[in-house]
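Here is a brief report on a few local features of one model.

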Amino acid sequence: AEPKSLLLGAAAQLGIFITFVGCRFMGFTGPESSAIGIIGGADGPTAIFVTVLLAPALLGPIAVAAYSYMALVPVIQPPIMKLLTTEKERQIVMKPLREVSIVVTIFVALLVPSAAPLIACLMLGNLFKECGVTERLSKTVQNELINIVTIFLGVSVGATATGTTFLSLQTIKIMAMGVVAFSFGTAGGVLLAKFMNLFLKEKINPLIGSAGVSAVPMAARVSQMVGQKYNPGNFL
């Protein structure tokens, strides 16, 4: 619906790369730095998946950092968003998006085949919710199923957080770099939106740049919340 927003999503990954470089300077190996940096992707399962592959010994602290900062998105992001934007920019009204079809699923699957299972699951959830004839399945997925998966995920990851690996200076470093990852990711998305506005006729509200730090869907809610404070009728 708004292809140029892909650029904002990409810019909001800045935190991953800044964190990777910072971790290398702090003495972490390349794979460890990559696993820590992915905290900036603001997606718990992704952080767990990458860490299991690259630095399984750090799974406990990285998972705790990723989920902690995802929960703290409403605290971390607003000050950065306000610091980097003017009040006039926060009030920019964006026109409603055009409607799109399920063709996007086919397009993404052809463009990036490895992402096909992910986008298909996303669209399956949309289908459950919007088709109007699978209310029971929709409620199960949104409540019971996600709760069961969350419990198993929390217990299994928590079991790796033994005292020898978790209560260490290394964990403090990981937690600190997690803040760096989220902060620079937020700043990257906002600053690119401001830069794009120099060339666009229809201006982008820079606040939506912070939604590129996925934290699905918390970061988007924060963008909307901050935007409505300055323009109550705005819908970002």
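Ile 36 is found in helix 3, which spans residues 30–37. The model is a predicted one. Is Ile 36 buried or exposed? Its relative accessibility is 0%, so Ile 36 counts as buried, the cut-off being under 20%.

What does Ile 36 touch, leaving aside neighbours within four places in sequence? The contacts are Thr 19, Cys 23, Phe 28, Leu 58, Ile 62, Ile 174 and Met 177. Take Met 177, one of these contacts. Ile 36 and Met 177 lie 141 residues apart along the chain, yet their C-alpha atoms are separated by 7.5 Å.

Now turn to Gln 224. This residue sits in helix 13, residues 218–230. Gln 224 has a relative accessible area of 17%; because that is under 20%, Gln 224 is buried. Not counting residues up to four places away in sequence, Gln 224 touches Asn 234, Phe 235 and Leu 236.

The two residues are set out below.

| Residue | Helix | Relative accessible area |
|---|---|---|
| Ile 36 | helix 3 (residues 30–37) | 0% |
| Gln 224 | helix 13 (residues 218–230) | 17% |

Last, the helix pair. Helix 5 (residues 59–71) packs with helix 6 (residues 73–84) at an angle of about 65°. Their axes are 5 Å apart. Which residues make the contact? Helix 5 supplies Tyr 69, Met 70 and Ala 71, while helix 6 supplies Val 73, Pro 74 and Ile 76. By class, the contact has six nonpolar residues, with no polar and no charged ones.

Notes. Residues are numbered from 1 along each chain as its sequence is written. This is a predicted model: local features need pLDDT of at least 70, side-chain atom pairs count only at pLDDT 80 or more; totals for chains, interfaces and linings use all residues. Side-chain values use heavy atoms; hydrogens and water are left out. Axes are lines fitted to C-alpha atoms, for helices over the stretch in contact, and angles run from 0 to 180 degrees between N-to-C directions. Helices (H or I, at least four residues) and strands (E, at least two) are DSSP runs, numbered from the N terminus. Contact means heavy atoms within 4.5 Å. Ala, Val, Leu, Ile, Met, Phe, Trp, Tyr, Cys and Pro count as nonpolar, Asp, Glu, Lys and Arg as charged, and the others, Gly among them, as polar. Buried means under 20% relative accessible area, exposed over 50%, partly exposed in between (1.4 Å probe, protein chains only).
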